[in-house]
Amino acid sequence: MPLPTAPAALRAPARVRWVPLGTFALAALAVVGVAAVVAFLVIGVRSGPLDWVELLSSSTWDPPRSRFGGAAMIFGTAAVAVVAVALAAPVGWAAAIAIVELAPVRWRRLLRAASELLAVVPSIVYGLIGIAFVRPLVAGAAGVPGGDSLVAAALVLAVMVLPTVVAVSVDALAGVPAPVREAGAACGLTRTEVIRSVVLPAARRGMGAGLLLGLARALGETIAVFLVVGRADGRFPTSPGDVLTRLVRPGQTLTTKLNGPESILAGTAGGHWAALCGLGLLLLGAVAALTVIGQRRAGVEGAGRRRRRPTRRSVGGGMGRRSWPGVGRVARDRLVRAGLSCALAANLLLVVAISVVVLTRGAAALRPGFWWSPSVGASGGGIRDQLVGTALVVGVAGVLAAPVGLGLGLVMTEYAGPGLSRWLRTLTLTLGGMPSILLGLWGYWLFSIRLGWGRSWLTGSILLAAVAIPPVVIAVASSVAALPKERREAALACGLRRDQLVRSVIVPQALPGLVTGTLLGLARAAGETAPLLFTAAVFSGAPALPSGIRDSPVSALSTHIFTLAQDSAEPGAAHTAWGAALALVVVAGALVLAAVPARRRMERNR
Amino acid sequence: MRLTRRCSLLALVLVVSVLAACSSTEERGRNGTGGRASSLRVSGSTTVNPVAADAAEVLRQQGTKITVDASGGSAGGIAQLSAGQVEVAMSSKPLSADDKAMFPSVDFVSTQIGADAVGVVVRREVFDGGVKSLTKEQATRLFEGRLANWKELGGPDLPVFVYDKEPGRGTREVLDKYLYGKEKAPPPPTSDSYAIVGGNEETRAKLLSTPGSAGPLSTSFITGFDKLAVVAIDGIEPTPENVRTAAYPMARPLFLITNGPPTGPAKSFVDFVLGPEGQQLVTKHGYLTIAELGLA
């Protein structure tokens, strides 16, 4: 069937049945995937006797005696996430206000991009930073031997959560229309007063969403926490005062428990496995709820639909009430602005410090030979095979994620009614917020054990595709939403049916989004460790390129760093680990950087 | 438009080729008897790992495909062997009745490749301060978190910090067996001077970074680390002689475990480790060889 070139020939393209069929099939694949993860956890829970009351309330976790109380893990998760967000949210909010309200307009994009650089750094690299800097800090300050503690994990998480808070808050602030500010200024308010009484009330909902999304990210993080939180189970605090003591002791969170050796030792049925799956369900429920609520609040439609009624906090009301005696309005304005700028400076300083640390410690990777020589023994040599393995797993993940993401995005924007569309959006967000260790365990159970693939690179690709799909869907959906109404109308006026419209107008429109979304999704996937640990990677002996599917593991950069960081005391190992970390940051950074020109070019060529 | 078509074509070709690759290997796995004639997977104990990794390195140069992984320790290796995920499990403890009860369908065959001692490793300043030997009762107090200061054992005035291994580690089981015999070990103490560690390298790193600490660790892992010392148990030091005669209570054999007698690549791997070259590797990493144990 020759495909017609529509405008020149002036006739409608032929009907194409495969368009709706294909998109629906691909979208269904994604839906089935998410359902499968939930089903896996439910099957796991039902595979053995599980006392939910004990799991939620007891803090005795003793597998040999079949006692499975998860209270200590639940406490650990909550404590780590709350402390992290409590540290990150004020700094993130202040920095976002400084970026949008104080910085010159031409710097705004640059500053925002700079503060988002923190999000490009993979979590395994944050783990290394935690081992090298945060653990000694906690060891010295709190007298904890080794520094393994919940608070060390919280400090690392605070840095990881920061870019989420900043990005969402910047979006919320930028959404406040400029005339509102101008009106405030015209009333004679100072910059600070405009921010407090005009901008913040309008942006509050979105900024709160930043906090929720940050919290979700903190709850789901696995690898960075695992490396600094210790291996002991920890305890549930016995009194309110005990909480502080518990914070400076080793403990477990839900994610680190699932990432530990018990998941392999528990077998894939029975009480122990059921208890682990129960913890997994709890984790998934909490993260999914926070993500969905947070995204709804951050979404434009949410902010527009529900306008808050003016409260006393709005213009005027709050002004006089909290005036500081003895400090003039102008002085106060300066003081607050200085404070906000300091927060932004702290944020940027963090970016610079982390770049410097990764660059200096990762000096090994500055030697070209490091990139293309194979690793030797326990910690020597280069990272050639790891690089090839990561490229293979991530590349195939991209091939899988792009069509599925496109299909889901098209169904969501073009075919589904408002109800289904909202539902699919929720599903995408749930997948995007899914803790990667749950994907890892699902892959372990389904592919490694049930299908008997053992460790296979393809399992890794499938799991990383799941990581990469949500950014693809979101980018496709926003590309399609940006289609001018006139073009759609023109196409319909030409007599195009919906599938023809999709193929000839919508898909070309969505392509730039597809490419950027895929690249961004892959940048995230490249740094993932937890999905590969049990399913796809081994430390040594995997051939650079696997020859089949079953029992064909690869070496990957992220898991290589994980093993080097954890199981080695030799200085050589740290050297190699940091070198590999720099390489991983370079890979992820290159994917993100490639996304920008790729999009620009495709939009020009459209 | 042309771009769309090209992109979708490319994606289609890639997906199809991946699917084709899938199905072709499926078939190979089903048809080929033994399936993976020249490939071997090894996993388990971090104590045996250095020997196995070096041996695998040599065999790999001769064309055998071997992957070595040390996740989950001895019990992890045994679990993966039972699940058919590896052909050879490395173990730094004898199989227990629990292991056999958990995997009744597996025909475990253990081949001893050497021996080693689990030492109660303390910091040099504790050792030099007077704690040179522990009785069983003292060791029990230490690992149950009922010892606050080394003074109580006639050592220096220094708080005690205990690192025990996580469950499933061979080292932990050997220690528990010495302390409690056939009884189950009590749950870990709730003392704040107690933490849990994983592999041998991690244990060593933690001991090196914590003054006044003690922990169970393969004695060969502290060679060359002056800050650490091994205490005697009931006055018996873990010398090679005492390990050989099993006079030292925490001497332990090191095993390669297979499901059924080793065949194919698993057999050549086990044979290599038992052979002269492999046994040299056992010596190189500080363990006792089969010959030294008088078993050869």
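## Ground rules

Residues are counted from 1 along each chain as its sequence is written, while chains get letters from A and ligands get numbers from 1, in the order in which they are written. Since we're looking at a predicted model, local features need pLDDT of at least 70 and side-chain atom pairs count only at pLDDT 80 or more, but totals for chains, interfaces and linings use all residues.

## Chain A overall

Chain A has 27 helices and 4 strands. Here helices (H or I, at least four residues) and strands (E, at least two) are DSSP runs, numbered from the N terminus. Chain A's radius of gyration is 25 Å, close to the 25 Å that the globule rule gives for 606 residues, so chain A is as compact as a globular protein of that length. (That radius is taken over C-alpha atoms, and the rule is 2.2 Å times the number of residues to the power 0.38.) Along its principal axes, the C-alpha trace spans about 80 × 65 × 55 Å.

Of those 606 residues, 55% count as buried. A residue is buried with 20 or more other C-beta atoms within 10 Å of its own, exposed with 12 or fewer, and partly exposed in between, with C-beta atoms placed from the backbone. Now for contacts, meaning two residues whose C-beta atoms, placed from the backbone, lie within 7 Å. Among the contacts in chain A between residues at least 6 apart in sequence, 81% join residues at least 24 apart.

## A bent helix

Take a look at helix H6 (residues 123-142) of chain A. A straight helix of 20 residues would span 28 Å at 1.5 Å a residue, yet this one spans only 25 Å between its end C-alpha atoms. The expected span is 1.5 Å times one less than the number of residues. H6(A) bends by about 45° at Gly130(A), where the bend is the angle between axes fitted to the seven residues ending there and the seven starting there.

Gly130(A) is also one of the buried residues of H6(A), along with others including Val125(A), Leu128(A) and Arg135(A). Just after the helix, Gly143(A) takes a positive phi of about 65°.

## The nonpolar core

The largest nonpolar core has 270 residues, and Val156(A), Leu157(A), Ala397(A), Ile561(A) and Ala581(A) touch the most other members. Such a core is a set of buried Ala, Val, Leu, Ile, Met, Phe, Trp, Tyr and Cys residues joined through C-beta atoms within 7 Å. Leaving aside its neighbours within four places in sequence, Ala581(A) is in contact with Val125(A), Leu128(A), Val358(A), Gly362(A) and Ile561(A).

## Chain B and where it meets A

Chain B contains 11 helices and 10 strands, and 46% of its 296 residues are buried. Among its contacts between residues at least 6 apart in sequence, 74% join residues at least 24 apart.

At the meeting point, 56 residues of chain B are in contact with 45 residues of chain A. The largest share of chain B's side, 12 residues, comes from H1(B). That side divides into 23 nonpolar, 19 polar and 14 charged residues.

Ser66(A) has a phi near 55°, a positive value in a residue other than glycine. Ser66(A) sits in the loop between strand E1 (61-62) and strand E2 (67-68) of chain A, and is partly exposed, with 13 other C-beta atoms within 10 Å.

Over in chain B, Asp234(B) has a positive phi near 50°, again in a residue other than glycine. Its loop runs between strand E9 (228-233) and helix H9 (240-244) of chain B. Asp234(B) is partly exposed, with 14 other C-beta atoms within 10 Å.

Note on methods: Ala, Val, Leu, Ile, Met, Phe, Trp, Tyr, Cys and Pro count as nonpolar, Asp, Glu, Lys and Arg as charged, and the others, Gly among them, as polar.
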